[in-house]
Amino acid sequence: MSESFERAVRMGVDVGKVRVGIALTDPGCVLATPHQTLARDSNPRKAFDVKIITRLCEERDVRTVYVGLPRSLDGRENDSTVMARDYAAMLVRRLGSRGCTTQVRLVDERLSTVAAHQSMLDSGVSRRDHMDRVDQAAAVTFLQTAVDQGLRTGVEPGERVGAVEQAQQCTEGRVTSPQGDAPKTTRTADGEYS
């Protein structure tokens with residue numbers, strides 16, 4: 001069943017092994033712009049990068065997060081695709097634990113990093129300065145493509161992640177997945193989850 005596309009803030013997340021690039025749209029979905037690059041937290045139990053993205057979703061009232069799915073040119077999945085799927089699932093669990101209704105969807109991002117590098121070169125950014133910005137630029141590329149598609153077709157693009165998990169409520173400061181393997185979270189004195 002397709003979901004209708006409505007104008008609201010959208011986020012693009014380009015997941016890498018070392019960094020995560022973030023891009024955002026305006027509420028009218030006219031333009032995607034780079035927002036920031038986060039360092040990936042190597043400890044999945046802490047996942048500070050996921051916590052920052054969740055907070056951004058809450059602060060900016062993000063309707064949908066599009067996580068780039070880096071398929072091979074022939075459409076096959078690979079190690080990077082698995083990493084993006086795992087990251088998206090982790091983000092769904094975190095958003096759900098906070099009671100946030102933001103959807104997470106996977107969208108094709110083939111060649112977005114290549115296009116981002118080329119665009120940066122064309123605009124005069126030196127190669128050594130690319131690494132700090134290329135993940136944001138890649139996120140802008142596939143985010144703009146996704147919102148343009150949504151505006152054109154009226155249907156939310158991409159593959160929805162974890163609708164069942166996202167619908168779960170946080171119970172007594174603990175989040176459980178259907179498999180029972182989600183990390184436990186606790187509420188701190190300031191109301192944050194850790």
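Let's begin with disulfides: this is a predicted model, and it has 0 of them. Take Cys100, which is in no disulfide. The nearest cysteine sulfur belongs to Cys57 and sits 5.6 Å away, while a disulfide would need the two sulfur atoms within 2.5 Å. As for where these side chains sit, Cys100 has a relative accessible area of 12% and is buried, because anything under 20% counts that way. Cys29 is buried too, with a relative accessibility of 0%.

Next, the helices. How do H1 and H2 pack against each other? Helix H1 covers residues 48-60 and helix H2 covers residues 79-97. Their axes lie 10 Å apart and meet at an angle of about 55 degrees, so the pair counts as oblique. The crossing is right-handed. On the H1 side, the contact is made by Asp49, Val50, Lys51, Ile53, Thr54 and Cys57; H2 brings in Tyr87, Met90, Leu91, Arg94 and Leu95. Sort the residues of this contact by type and you get 7 nonpolar, 1 polar and 3 charged.

Now zoom out to the whole chain. The protein has 6 helices and 6 strands, and reading along the sequence gives the pattern β-β-β-α-β-α-β-α-α-α-β-α. Of its 194 residues, 44% count as buried. Finally, look at contacts with a separation of 6 or more: 63% of them come from residues 24 or more positions apart.

Notes: Residues are numbered from 1 along each chain as its sequence is written. This is a predicted model: local features need pLDDT of at least 70, side-chain atom pairs count only at pLDDT 80 or more; totals for chains, interfaces and linings use all residues. Side-chain values use heavy atoms; hydrogens and water are left out. Buried means under 20% relative accessible area, exposed over 50%, partly exposed in between (1.4 Å probe, protein chains only). Axes are lines fitted to C-alpha atoms, for helices over the stretch in contact, and angles run from 0 to 180 degrees between N-to-C directions. Helices (H or I, at least four residues) and strands (E, at least two) are DSSP runs, numbered from the N terminus. Angles under 35 degrees count as roughly parallel, over 145 as roughly antiparallel, 65 to 115 as roughly perpendicular and the rest as oblique. A crossing is left-handed if the near helix is turned anticlockwise from the far one by less than a right angle, and right-handed if clockwise. Contact means heavy atoms within 4.5 Å. Ala, Val, Leu, Ile, Met, Phe, Trp, Tyr, Cys and Pro count as nonpolar, Asp, Glu, Lys and Arg as charged, and the others, Gly among them, as polar.
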